[in-house]
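I am opening a new notebook page for this structure. I will go from the whole chain down to single strand pairs.

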Amino acid sequence: MVVENNIIIEALWVLLEQVPDPEIPVLSILDLGIVRDVQMHGEQIEIIITPTYSGCPAMDAISMDIRLKLIENGFKDVKITSILSPAWTTDWMTQEGKIKLKKYGIAPPKMSGNSSDSSPVCPQCSSADTKLLSQFGSTACKALYQCNDCKEPFDYFKCH
Ligand SMILES: [Zn+2]
């Protein structure tokens, strides 16, 4: 029974990898690092997630997408639990996720330990000579920067 559960939990992780972030569809929710645990309680599946930040409207969409994905695949009884502590940080984003972000044209977050006053690197030309245009980019989770070399504006995924 325990072995069987492990196989199901493996399959659940594979399904979760197919759930995209609603704001940045190139990233899966696993790339974001918000899925903390997957548990089985008899027939019930419990998915434990930590929101990227409290009040992010994308989180409701993510919960619904997880539920739909699992129901589509025959898991009828799905419980989504949000835990707020420890708080999500951009350090939980996978390396692969950061590479996907950069290819998508968004400067990936730096490790939160680094000095916060240095500007992000331009995702277009990799120049470090960039300037902040606005604290809020296309969504509240991002800031809008412009590259001083190629002049392209770009979103920066803020550290928090
Ligand atoms: Zn540039």
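**Two domains**

I started with the domain assignment. The protein chain splits into domain 1, residues 2-88, and domain 2, residues 91-157. I kept in mind that this is a predicted model. Next I looked up how far apart the two domains sit. Their C-alpha centres are 26 Å apart. I then listed who takes part in the contact: 10 residues come from domain 1 and 11 residues from domain 2. What kinds of residues does domain 1 present to domain 2? I found six nonpolar, two polar and two charged residues on that side.

**The whole chain**

I noted the extent of the C-alpha trace along its principal axes, about 60 × 25 × 25 Å. The protein chain has 160 residues, and 26% of them count as buried. I also checked contacts between residues at least 6 apart in sequence. Of these, 51% join residues at least 24 apart.

Then I went through the secondary structure. I have four helices and seven strands in the protein chain. Reading along the sequence, I wrote down α-α-β-β-α-β-α-β-β-β-β.

**The sheet of three strands**

I traced an open sheet with the order S1-S2-S3 and mixed pairing. Why does one side of S1 and of S3 lack a neighbour in the sheet? Strand S1 (35-41) and strand S3 (78-82) are the edges, and each has a single partner strand, so one side of each stays without a neighbour.

I followed the pairing of S1 with strand S2, residues 44-49. The two run antiparallel and are joined by six bridges. As one example, I picked Val38, whose bridge partner in S2 is Ile47. Helix H3, residues 58-72, packs on this sheet and touches S2 and S3. I noted the angle between the directions of H3 and S3 as about 155°.

**The sheet of four strands**

I moved on to the other open sheet. Its four strands come in the order S4-S7-S6-S5, again with mixed pairing. Which strands stand at the edges? They are strand S4 (106-107) and strand S5 (130-134). Each has a single partner strand, so one side of each has no neighbour in the sheet.

Last, I checked strand S6 (residues 142-147) against strand S7 (residues 153-157). They run antiparallel, with five bridges between them. I looked up Lys142 and found its bridge partner in S7, Phe157.

Note on methods. Residues numbered from 1 in each chain as written. Predicted model: local features only at pLDDT ≥ 70, side-chain atom pairs only at ≥ 80, totals over all residues. Pairing = 2+ DSSP bridges. Domains from an automatic or database assignment. Contact = placed C-beta atoms within 7 Å. Nonpolar A, V, L, I, M, F, W, Y, C, P; charged D, E, K, R; others polar. Buried ≥ 20, exposed ≤ 12 C-beta atoms within 10 Å, placed from the backbone. Axes fitted to C-alpha atoms, helices over the stretch in contact; angles between N-to-C directions.
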